[in-house]
Amino acid sequence: MKLVVFGASGATGEHVCRLANETGWKVHAFVRSKAAASQLDQAYVHSIGDPTEPKDVALALVGADAVAVCLGISRQSRSPFAMPVSPLNLTSRSVEAIVQAMKSLQIRRIVYASAFGASESWSSIPWWGRALLSVTQVRHSMIDHTRSESLLARSGLEWTALRPIMLDDTSGSDPAREMQPGDSLLRKVSRQALARTMVLALNDRSTIGRPIALVP
(Lines give C-alpha, C1' and ligand atoms only; values in the text may rest on other atoms or scores of the structure.)
Protein backbone atom coordinates (compact mmCIF):
# COMPACT_ATOMS: atom_id res chain seq x y z
CA MET A 1 0.00 0.00 0.00
CA LYS A 2 1.15 3.51 -0.79
CA LEU A 3 -0.01 5.99 1.84
CA VAL A 4 0.24 9.74 1.33
CA VAL A 5 0.46 11.64 4.62
CA PHE A 6 -0.40 15.34 4.65
CA GLY A 7 1.12 17.17 7.59
CA ALA A 8 3.85 14.53 7.70
CA SER A 9 6.29 16.66 9.68
CA GLY A 10 3.78 17.55 12.39
CA ALA A 11 3.49 16.05 15.85
CA THR A 12 0.88 13.49 14.75
CA GLY A 13 1.93 13.10 11.14
CA GLU A 14 5.46 12.00 12.01
CA HIS A 15 4.02 9.14 14.08
CA VAL A 16 1.66 8.15 11.25
CA CYS A 17 4.59 8.00 8.81
CA ARG A 18 6.72 5.92 11.17
CA LEU A 19 3.95 3.46 12.07
CA ALA A 20 2.85 3.03 8.45
CA ASN A 21 6.46 2.44 7.41
CA GLU A 22 6.88 -0.16 10.17
CA THR A 23 3.75 -1.88 8.85
CA GLY A 24 5.46 -2.24 5.49
CA TRP A 25 3.59 0.44 3.60
CA LYS A 26 5.22 2.83 1.15
CA VAL A 27 5.05 6.26 2.77
CA HIS A 28 4.83 9.45 0.74
CA ALA A 29 5.24 12.40 3.09
CA PHE A 30 3.75 15.71 1.96
CA VAL A 31 5.27 18.78 3.66
CA ARG A 32 5.17 22.51 3.05
CA SER A 33 8.85 23.50 3.24
CA LYS A 34 12.38 22.34 2.53
CA ALA A 35 13.16 22.71 6.24
CA ALA A 36 10.40 20.24 7.09
CA ALA A 37 11.53 17.86 4.35
CA SER A 38 15.08 17.84 5.72
CA GLN A 39 13.78 16.37 9.00
CA LEU A 40 12.01 13.44 7.36
CA ASP A 41 13.21 9.84 7.52
CA GLN A 42 15.03 9.05 4.28
CA ALA A 43 12.92 5.91 3.95
CA TYR A 44 10.00 8.07 2.84
CA VAL A 45 9.34 9.52 -0.57
CA HIS A 46 8.36 13.13 -0.07
CA SER A 47 6.80 16.12 -1.79
CA ILE A 48 7.13 19.80 -0.95
CA GLY A 49 4.09 21.82 -1.83
CA ASP A 50 0.95 23.64 -0.85
CA PRO A 51 -1.77 21.25 0.41
CA THR A 52 -4.44 23.74 -0.67
CA GLU A 53 -3.16 23.69 -4.27
CA PRO A 54 -4.87 20.90 -6.30
CA LYS A 55 -1.95 20.51 -8.71
CA ASP A 56 0.58 19.97 -5.89
CA VAL A 57 -1.75 17.51 -4.19
CA ALA A 58 -2.50 15.56 -7.36
CA LEU A 59 1.20 15.06 -8.11
CA ALA A 60 1.75 13.54 -4.68
CA LEU A 61 -1.30 11.28 -4.97
CA VAL A 62 -0.33 9.54 -8.20
CA GLY A 63 -0.27 5.80 -7.49
CA ALA A 64 -1.60 6.18 -3.94
CA ASP A 65 -3.92 3.68 -2.28
CA ALA A 66 -4.93 5.79 0.72
CA VAL A 67 -4.54 9.20 2.34
CA ALA A 68 -3.99 10.33 5.93
CA VAL A 69 -4.60 14.00 6.74
CA CYS A 70 -2.83 15.30 9.87
CA LEU A 71 -3.05 19.01 9.14
CA GLY A 72 -4.11 21.72 11.55
CA ILE A 73 -4.04 25.45 12.10
CA SER A 74 -0.63 26.30 13.57
CA ARG A 75 -0.30 28.78 16.44
CA GLN A 76 2.69 30.63 17.85
CA SER A 77 2.77 28.08 20.67
CA ARG A 78 0.59 25.30 22.02
CA SER A 79 -1.13 27.69 24.37
CA PRO A 80 -4.84 27.81 23.45
CA PHE A 81 -4.54 31.60 23.54
CA ALA A 82 -1.56 31.79 21.16
CA MET A 83 -2.28 33.55 17.89
CA PRO A 84 -2.61 31.51 14.68
CA VAL A 85 0.28 31.62 12.23
CA SER A 86 -1.42 29.76 9.40
CA PRO A 87 -4.63 30.53 7.48
CA LEU A 88 -7.78 29.94 9.51
CA ASN A 89 -9.19 27.76 6.72
CA LEU A 90 -6.03 25.75 6.10
CA THR A 91 -7.50 22.32 6.84
CA SER A 92 -10.77 22.76 4.96
CA ARG A 93 -9.08 24.25 1.89
CA SER A 94 -6.59 21.36 1.97
CA VAL A 95 -9.34 18.77 2.31
CA GLU A 96 -11.16 20.36 -0.61
CA ALA A 97 -8.03 20.05 -2.78
CA ILE A 98 -7.33 16.51 -1.58
CA VAL A 99 -10.89 15.32 -2.24
CA GLN A 100 -10.76 16.84 -5.73
CA ALA A 101 -7.49 15.08 -6.53
CA MET A 102 -8.61 11.78 -5.04
CA LYS A 103 -11.72 11.76 -7.20
CA SER A 104 -9.77 12.56 -10.35
CA LEU A 105 -7.30 9.75 -9.60
CA GLN A 106 -9.97 7.31 -8.37
CA ILE A 107 -8.48 6.96 -4.88
CA ARG A 108 -11.12 6.06 -2.32
CA ARG A 109 -9.74 5.81 1.24
CA ILE A 110 -9.02 8.80 3.47
CA VAL A 111 -8.59 9.13 7.24
CA TYR A 112 -8.73 12.60 8.75
CA ALA A 113 -7.45 13.75 12.15
CA SER A 114 -10.22 15.99 13.44
CA ALA A 115 -11.04 17.04 17.02
CA PHE A 116 -13.79 16.46 19.54
CA GLY A 117 -15.94 19.57 19.33
CA ALA A 118 -16.20 19.56 15.55
CA SER A 119 -19.63 19.39 13.94
CA GLU A 120 -22.38 17.97 16.16
CA SER A 121 -19.92 16.90 18.89
CA TRP A 122 -19.71 20.58 19.94
CA SER A 123 -23.02 20.15 21.76
CA SER A 124 -21.55 17.24 23.78
CA ILE A 125 -19.02 19.54 25.44
CA PRO A 126 -20.30 20.94 28.76
CA TRP A 127 -21.39 24.59 28.65
CA TRP A 128 -18.35 25.72 30.60
CA GLY A 129 -16.06 23.93 28.16
CA ARG A 130 -17.77 25.56 25.19
CA ALA A 131 -17.50 28.94 26.90
CA LEU A 132 -13.79 28.48 27.50
CA LEU A 133 -13.06 27.27 23.97
CA SER A 134 -15.02 30.15 22.50
CA VAL A 135 -12.60 32.72 23.96
CA THR A 136 -9.47 30.84 22.87
CA GLN A 137 -7.83 30.56 19.46
CA VAL A 138 -8.82 26.86 19.44
CA ARG A 139 -12.26 27.95 18.26
CA HIS A 140 -10.82 28.51 14.78
CA SER A 141 -9.70 24.89 14.61
CA MET A 142 -13.15 23.66 15.62
CA ILE A 143 -14.76 25.75 12.90
CA ASP A 144 -12.31 24.56 10.26
CA HIS A 145 -12.54 20.89 11.30
CA THR A 146 -16.32 21.22 10.99
CA ARG A 147 -15.94 22.51 7.43
CA SER A 148 -13.54 19.67 6.62
CA GLU A 149 -15.84 17.00 8.01
CA SER A 150 -18.71 18.43 5.97
CA LEU A 151 -16.60 18.21 2.81
CA LEU A 152 -15.71 14.60 3.55
CA ALA A 153 -19.31 13.65 4.31
CA ARG A 154 -20.40 14.99 0.92
CA SER A 155 -17.41 13.61 -1.00
CA GLY A 156 -18.64 10.10 -1.76
CA LEU A 157 -15.23 8.80 -0.66
CA GLU A 158 -14.49 6.14 1.98
CA TRP A 159 -13.71 8.58 4.77
CA THR A 160 -13.15 8.36 8.52
CA ALA A 161 -12.82 11.37 10.84
CA LEU A 162 -11.14 10.71 14.18
CA ARG A 163 -11.93 13.11 17.02
CA PRO A 164 -9.57 12.92 20.01
CA ILE A 165 -10.74 14.78 23.11
CA MET A 166 -7.45 16.54 23.88
CA LEU A 167 -3.93 15.71 22.75
CA ASP A 168 -0.59 15.36 24.51
CA ASP A 169 2.83 13.91 23.75
CA THR A 170 2.94 10.96 26.13
CA SER A 171 4.22 7.70 24.67
CA GLY A 172 2.58 4.32 24.58
CA SER A 173 1.94 1.30 22.41
CA ASP A 174 -1.86 1.25 22.53
CA PRO A 175 -4.22 2.92 20.06
CA ALA A 176 -6.97 5.20 21.27
CA ARG A 177 -10.44 3.69 21.60
CA GLU A 178 -13.89 4.85 20.62
CA MET A 179 -15.64 6.92 23.28
CA GLN A 180 -18.42 5.20 25.19
CA PRO A 181 -21.21 6.74 27.31
CA GLY A 182 -19.82 7.79 30.67
CA ASP A 183 -16.25 8.34 29.48
CA SER A 184 -14.60 11.46 30.85
CA LEU A 185 -14.09 14.40 28.52
CA LEU A 186 -11.01 15.47 30.49
CA ARG A 187 -8.71 12.60 29.54
CA LYS A 188 -6.01 13.32 26.97
CA VAL A 189 -5.21 11.14 23.96
CA SER A 190 -1.54 10.98 23.05
CA ARG A 191 -0.59 11.96 19.52
CA GLN A 192 1.12 8.61 19.21
CA ALA A 193 -2.14 6.83 20.12
CA LEU A 194 -4.05 8.95 17.60
CA ALA A 195 -1.53 8.07 14.90
CA ARG A 196 -1.77 4.37 15.73
CA THR A 197 -5.55 4.58 15.51
CA MET A 198 -5.34 6.33 12.14
CA VAL A 199 -3.11 3.61 10.71
CA LEU A 200 -5.38 0.86 12.02
CA ALA A 201 -8.49 2.62 10.70
CA LEU A 202 -7.12 2.62 7.16
CA ASN A 203 -7.74 -1.14 6.98
CA ASP A 204 -10.86 -1.19 9.16
CA ARG A 205 -13.92 -0.88 6.96
CA SER A 206 -16.20 -0.58 9.98
CA THR A 207 -14.89 2.97 10.44
CA ILE A 208 -15.85 4.15 6.96
CA GLY A 209 -18.31 7.02 6.80
CA ARG A 210 -18.04 7.73 10.52
CA PRO A 211 -16.78 10.52 12.77
CA ILE A 212 -15.36 8.69 15.79
CA ALA A 213 -14.68 10.33 19.16
CA LEU A 214 -11.53 8.96 20.80
CA VAL A 215 -10.42 8.51 24.41
CA PRO A 216 -7.28 6.83 25.80
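Started with helix H3 (residues 54-61) against helix H4 (residues 90-105): I find their axes 9 Å apart, at an angle of about 50°. I'm working from a predicted model here.

Next, who makes the contact? From H3 I noted Pro-54, Val-57, Ala-58 and Leu-61. From H4 I have Ala-97, Ile-98, Gln-100, Ala-101, Met-102 and Leu-105. By class, that contact comes out as 9 nonpolar residues, 1 polar and no charged.

Then I turned to H4 and helix H6 (residues 138-155). Their axes come within 7 Å and cross at roughly 15°. That angle makes H4 roughly parallel to H6, as anything under 35 degrees counts that way. Is the crossing of H4 and H6 left-handed or right-handed? I get right-handed for H4 passing H6.

The H4 side of this contact is Leu-90, Thr-91, Ser-92, Val-95, Glu-96, Val-99 and Lys-103. On H6 I listed Asp-144, His-145, Arg-147, Ser-148, Leu-151, Leu-152 and Ser-155. How many charged residues does the contact of H4 with H6 have? I count 4 charged, alongside 5 nonpolar and 5 polar.

Note on methods: Residues are numbered from 1 along each chain as its sequence is written. This is a predicted model: local features need pLDDT of at least 70, side-chain atom pairs count only at pLDDT 80 or more; totals for chains, interfaces and linings use all residues. Side-chain values use heavy atoms; hydrogens and water are left out. Axes are lines fitted to C-alpha atoms, for helices over the stretch in contact, and angles run from 0 to 180 degrees between N-to-C directions. Helices (H or I, at least four residues) and strands (E, at least two) are DSSP runs, numbered from the N terminus. Contact means heavy atoms within 4.5 Å. Ala, Val, Leu, Ile, Met, Phe, Trp, Tyr, Cys and Pro count as nonpolar, Asp, Glu, Lys and Arg as charged, and the others, Gly among them, as polar. Angles under 35 degrees count as roughly parallel, over 145 as roughly antiparallel, 65 to 115 as roughly perpendicular and the rest as oblique. A crossing is left-handed if the near helix is turned anticlockwise from the far one by less than a right angle, and right-handed if clockwise.
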